[in-house]
Amino acid sequence: MLGSGKGSNFVAIAEAIAAGRIPARVSVVVSDVPDAGILKHAADRGIPSRHIAPGAFRTKLDEAAEAAFIAALREARADWVLLAGFMRILKGEFLRAYEGRVINIHPSLLPSFPGLAAWKQALDYGVKVTGCTVHLVDQGVDTGAILGQQAVPVRDGDTAETLHARIQDAERALYPEVVAALVRGEIRVRGRLTTGFSR
Ligand code: GRF
């Protein structure tokens, strides 16, 4: 799993694994941020965790960092790469190394509101329903095939914070379920079309 932030999605997945709901294990957690909460949560659970410096760019990994991320994942014998609040765009070499095996969770009902602070984009637009999406990562930003979605209502009086919190609750329910279905081989992917689900 790769993350840059507090790691609540990592915790949800680690707990689902511990409860026997996902037939898999987290082989390594890697972060581009040295003091990210996700690294601490991994260490607390005895899961190998590493910081790898991202290099000079702000929104992606430089070539050396990309190679180091790939090497760390290979060393851990990872079959899947789950992004959980990883704030850098992965492309080229990385996606070729793990083609069709990189999954992300995004806090909106894609294809609406790709990019940053999607909950705020939804609130500012005035939609009455938003949600979260688990999707494959492709060369675009939040454009890969959709594996699972969960709708979340926008309520009167919502602020960016209250809406974000409701979406994150949905994320912590959806992501483990989609990962469980994926590793069980229950989701088939044909181009954009998948047998993923909504909950
Ligand atoms: C989540 O809200 C996810 O949608 C976005 O980044 C956030 C990560 O939160 N991609 P956490 O680090 O899992 O708590």
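Start by selecting N9, where a backbone N or O atom lies 2.9 Å from an oxygen atom of the ligand, a polar contact in the sense of a pair of N or O atoms within 3.5 Å, where within protein one must be able to donate a hydrogen and the other to accept it, and residues adjacent in sequence count only if both atoms are side-chain atoms. This is a predicted model, in which local features need pLDDT of at least 70 and side-chain atom pairs count only at pLDDT 80 or more, while totals for chains, interfaces and linings use all residues. Residues are numbered from 1 along each chain as its sequence is written, and side-chain values use heavy atoms, with hydrogens and water left out.

**The ligand and its shell**

Then show E171, whose side chain has an N or O atom 2.3 Å from a ligand oxygen. Of the 370 Å² of accessible area that the ligand has on its own, the protein covers 88%, as computed by the Shrake-Rupley method with a 1.4 Å probe.

Now display the whole shell, meaning residues with a heavy atom within 4 Å of the ligand: G5, K6, G7, S8, N9, G85, I105, H106, P107, H164, Q168 and E171. Colouring by residue class gives 2 nonpolar, 8 polar and 2 charged residues, where Ala, Val, Leu, Ile, Met, Phe, Trp, Tyr, Cys and Pro count as nonpolar, Asp, Glu, Lys and Arg as charged, and the others, Gly among them, as polar.

Which elements each supply at least two residues of this shell? They are α1 (8-18), β4 (102-106) and α6 (160-183), named from DSSP runs numbered from the N terminus, with helices (H or I) of at least four residues and strands (E) of at least two. The largest share, 3 residues, comes from α6.

Is D158 buried or exposed? With a relative accessible area of 13%, D158 is buried, a class that means under 20%, whereas exposed means over 50% and partly exposed lies in between (1.4 Å probe, protein chains only). The side chain of D158 reaches the backbone nitrogen of R155 at 2.8 Å, and it also makes a polar contact of 2.7 Å with the side chain of R166.

**Helix α5**

Select D124, found in helix α5 (residues 118-125), which is exposed at a relative accessible area of 57%. Drawing a distance from its C-alpha atom to that of A160, 36 residues apart along the chain, gives 9.0 Å.

**The loop between β4 and α5**

Turn now to P111, which belongs to the loop between β4 and α5 and is joined to L110 by a cis peptide bond with omega of about 15°. F113 is placed in the loop between β4 and α5; its phi is near 55°, a positive value in a residue other than glycine, and at 13% relative accessibility F113 counts as buried. A117, also located in the loop between β4 and α5, has a positive phi of about 45° although it is not a glycine, and counts as partly exposed at 31% relative accessibility.

**Strand β1**

Finish at S31 in strand β1 (residues 29-31), which is buried with a relative accessible area of 0%. A polar atom of the S31 side chain lies 2.7 Å from the backbone oxygen of G3.
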